Amino acid sequence: KMSSGAADLRQRKKQNCTESDKMAPEERNKENSKLGRSPKYMLIQRFAKLFFGCLAAITSGMMYAVYLSTYHERKFWFSSRQELEREITFQGDSAIYYSFYKELLKAPSFERGVYELTHNNRTVSLKTINAVQQMTLYPELIASVLYQASGSEEVIEPVYFYIGIVFGLQGIYVTALFVTSWVMSGTWLAGMLTVAWFIINRTDTTRIDYSIPSRENWALPYFACQVAALTGYLKKNLNCSAEKFCYLLVNASTYTFIMMWEYSHYLLFVQAVSLFLLDSFALAQTEKVHEVYRIYLFSLIVGYLLQFENSALLVSPLLSLVVALMLSKSLQMNMKKSTFVSRLLKIMYTYLVLTVAVTLNFLLKMFVPHKENEHLLKFIEVKLGLNTTKNFTMNWLLCQESLQAPSQDFFLRLTQSSLLPFYILVLIICLFSVTQVIFRRICGEPLKETVKLEDGRIGERPEIVYHVIHTILLGCLAMCLEGMKYLWTPYVCMLAAFGVCSPELWMTLFKWLRLKAVHPILLALILSMAVPTIIGFSLWKEFFPRIMTELTELQEFYDPDTVELMTWIKRQAPVAAVFAGSPQLMGVIKLCTGWTVSSLPLYNDDDLLKRNENIYQIYSKRSAEDIYKILTSYKANFLVIEDSICNEVGPVRGCRIKDLLDIANGHVVCEEGDNYAYSKYGRFCHEIKMNYSPYVNYFTRVYWNRSYFVYRINTVISFQS
C-alpha cells in the first residue's frame, strides 16, 4: 500500500507540474490581453528584469569581495609585509588551518600531502591524528588543488590565493542573500537593501574580520545558497525546469555545507524543524518537504562515508529527526481532510515524530561508537543553571563572549541602522498573517492555489512561512548565545528587506486596517518602492562616509615581540624540539615555524581539552615539580610564558585564566563575600622569573623579550641551590 501511495504522490506531482506549465502561459496571456500588451513585449520585459537583477546580484557580491580585500589590506598592510609578519595575523585556530594548507603545498604530491595529514604525528606531541577528519580540512584540500591545478604558483602567492577564495565565497554569500530576498519580494530592490544592511552591520553579520580561515566562513556561503534554492523550491506554481534547478542546487549545496563545517548538521537540524512545522500546519506541499528530508538523508550518508566514517553524523539529531519523519509519513497521508479525526491525528503525528526521534537518537548513541563532545552537553547544563562546576574548561567556555547572552550594544547597533525596527514590523505582520492562515486551516478552509496581491494573504506563501519560522528559531538561539548572531543577523537583513519591498506585505497590513480613502493596491505598490528608497538614501547619507573612511584609513598591525620570538625559534631551537604554552600561541608557533607543539586551540576533542587545561597550569599556583612533571609527560623541551596572561587584568574578575585555574585547583577562599586566592606556592609564571631554586633546577631561561619568556626544560635536574 505504501509503495502504491508513493507512486500516486509522484504521479500527482508530475500532473501538477505539467498543469502548472500549461496554465501559467494561458494565465499570462489573458492578463497581457487585458492590459493590451503582446506576449513578445512581456517576454522582453521579463528578460530585462531578470538580466538586470542578476547583474545587480553578481555586482553586489563582487563589490563586497573587493571591499573585504581592500579593508584587509588597509588593516594589516599585507602587501608590504614579509611572509612571517603576514602569518602572525592568523591567530588561534585560524593559524592551525592555514598551517595545514602550507603543508599540503610543500608536499611532493597531493596524494602524499593528504596521507601525511590523515596520519599526522608532527603537529601534537605523542599524538597521531587524522587532521582532515578532526579539523574538517576539506577547504584546505580544495584550495591547494585549485592553487596547483590552475598554475597559480607563478602568478600569485599562496596566502593571497587562500584569502582570495574566502573573500570570493563571502561575495557568493551576499549574492545568495540578495537572490533570496529578490525571490521572496519579486523585486531586486530588496536584494540591494539586504546587501546594504549586511555590510553596514558587518560587525554582527560575519566574523571575517577576525578569523578568515574559520570553518563558518567557508561553509555559510553554501548554506546561504541552499536557503536561496530552498526558497525557490517551496514556491507555489513553479515551472518544472525552475523546480528541478532549485532541487539540484539544494542537493549540491546541502552536501557541500556538511563537508565544510563540523557543526553544519546542527544548523540543518534547525532548518529541518522549521520544515517540519511548516508541513505539520499543511502550509506547503508535503512531497516537496519530504524531498528535502531525502536530501538531508543522502548528504548525511555520503558525508559519513567521505569523512572517514564520521560517527558524529550518525548520532546527530538531524538524522534521528529525518528518519522519524519519514517513518511517520504514512500516518500523515490520512490527515489531509479537515475533520475532527484528522486534527487528532495531526497531534498524534507530531507526538509520534518527536518520540521516535528522541528514542532513535538515544539508541544510536548507545550502540554507535562515537566521540561526541560531552563537554558541550555539560556546558548546556551549566548554562541553563541545571548544574554548577569548578571545571576549568567549562568555566572558560562560560566566560567566552560568544557563549554569553548578547549585549545591549548589539541591539543598539541594529537599531541605529534601522534594521531591527523594520525587522520587528515585518516579522509581526508575517506572524499574524501566518497565525490567521493556520486558524483557517483548523476551521477547514483550504489554501488558495494562487495568492493574488489584492488578497492580502502573505501568510499563505510557504516560502514566507518557512523563513518566519526559521528566523524565529535562529533568533531564540541568538538571544541565548551571542555567537549565534552571525547565523541570525544575515537573515534578519534579508527578511526585513523583503518585507519593506513587498507589496503583498503592505497589502496584508492594509487589509487589516480596512483602508477606504486610498486604493490599497496602489498605496501598497507606492510604499513598496518609496519606503526602501527612503531607507536606502538615509543609509547612504549616514553610513557611506564611514565605510569610505574605513577603506582610506591606514591602520597598523605590528607585533615585533612575536616576530622576534618566531625568528629565534627558527634559528636557535632544535628541529625535533617540542614547545609548550597557551594553545593560541602554539597555533602561531606551528604555523610560523613548523615545530611540534604540546597543545592546539581546538575545542572539539576531549584529549586536546585536557591537554590545554594541564598546560595552562603554568599560570596557576602550583609547585615547580608539578609543572615539570606535567610538561615532561608531553615530552615538551621548551616552555613559553606569556606576560599578557601572567599579568592579565581582565574586565571581568573571575574570568581571567589564572582566576579560573585557582577555582579549579581549590586555591580560592571565600570570606565575607570576597574571593581570595590561597596556596602555599606562589604563581608559577611569576616565581620562575625570579631565577631561584627549585625553579632553576628544572628550567633554564634561554630567551626573553617584553612579552615572552622562553625556558628550556632540563633533562638532567640539578638540585644545587
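A residue is called buried when its relative accessible area is under 20%, exposed when the area is over 50%, and partly exposed in between, as found with a 1.4 Å probe on protein chains only. By this rule Glu 463, at 2% relative accessibility, counts as buried.

The structure described here is a predicted model, in which local features need pLDDT of at least 70 and side-chain atom pairs count only at pLDDT 80 or more, while totals for chains, interfaces and linings use all residues. Residues are numbered from 1 along each chain as its sequence is written, and side-chain values use heavy atoms, with hydrogens and water left out.

## The chain as a whole

The pLDDT is the predictor's confidence in each residue, on a scale from 0 to 100. The protein chain averages a pLDDT of 86, and 88% of the residues score at least 70. Over residues 1–10, however, the pLDDT is below 50, and this stretch has four contacts in the model beyond near neighbours in sequence, a contact being heavy atoms within 4.5 Å. The pLDDT also stays under 50 over residues 22–28, for which the model has two contacts beyond four places in sequence.

Of the 721 residues in the protein chain, 51% are buried. Among the contacts with a separation of 6 or more, 72% are between residues 24 or more positions apart. The secondary structure comes to 34 helices and seven strands, where helices (H or I, at least four residues) and strands (E, at least two) are DSSP runs numbered from the N terminus.

Helix α26, which covers residues 520–552, has 33 residues and reaches 47 Å from its first C-alpha to its last, close to the 48 Å expected at 1.5 Å a residue; the expected span is 1.5 Å times one less than the number of residues. At Phe 543 this helix bends by about 40°, and a proline, Pro 545, follows within four residues. The bend at a residue is the angle between axes fitted to the seven residues ending there and the seven starting there. Phe 543 is also one of the buried residues of α26, which include Ala 524, Val 531, Ile 535 and Leu 551. What covers the buried residues of α26 includes α2 (39–76), α9 (188–200), α22 (419–442) and α24 (485–501).

Helix α7 (residues 138–149) has 12 residues that should span 16 Å, and its end C-alpha atoms are 16 Å apart, which agrees. Its buried residues include Tyr 138, Pro 139, Leu 141 and Tyr 147, and the helix is followed by Gly 151, whose phi is positive, near 70°.

## Salt bridges

A salt bridge is a side-chain nitrogen of Lys or Arg within 4 Å of a carboxyl oxygen of Asp or Glu, and the structure holds 27 of them.

| Pair | N to O distance |
|---|---|
| Asp 607 and Lys 127 | 3.0 Å |
| Glu 463 and Lys 235 | 3.6 Å |
| Arg 461 and Glu 463 | 2.8 Å |

Asp 607 and Lys 127 meet in a salt bridge that links distant parts of the chain, with Asp 607 in helix α29 (residues 606–615) and Lys 127 in the loop between α5 (110–118) and α6 (131–134), 480 residues apart. Asp 607 is partly exposed, with a relative accessible area of 36%, whereas Lys 127, at 17%, counts as buried.

Glu 463 forms a salt bridge with Lys 235; Glu 463 lies in helix α23 (residues 462–480) and Lys 235 in the loop between α11 (215–234) and α12 (240–260), so the pair ties together parts that are 228 residues apart in sequence. Arg 461, which also meets Glu 463 in a salt bridge, is buried, with a relative accessible area of 9%.

Strands of a sheet pair through backbone hydrogen bonds, either parallel or antiparallel. Two strands are taken to pair if DSSP finds at least two bridges between them. An open sheet of five strands has the order β2-β1-β3-β7-β6, with mixed pairing, and its edge strands, β2 (596–597) and β6 (699–704), each pair on one side only.

Five of the five residues of strand β3 (residues 638–642) are buried, so this strand is largely enclosed by the rest of the structure. Both faces of β3 are covered, with Phe 638, Val 640 and Glu 642 on one side and Leu 639 and Ile 641 on the other. Two bridges join β3 to strand β1 (residues 578–580), and these strands run parallel, with Phe 638 as the bridge partner of Phe 579. Five bridges join β3 to strand β7 (residues 708–713), and these run antiparallel; here the bridge partner of Glu 642 is Tyr 708. Strands β6 and β7 pair in the antiparallel sense over five bridges, and Arg 701 stands opposite Tyr 711 in β7.
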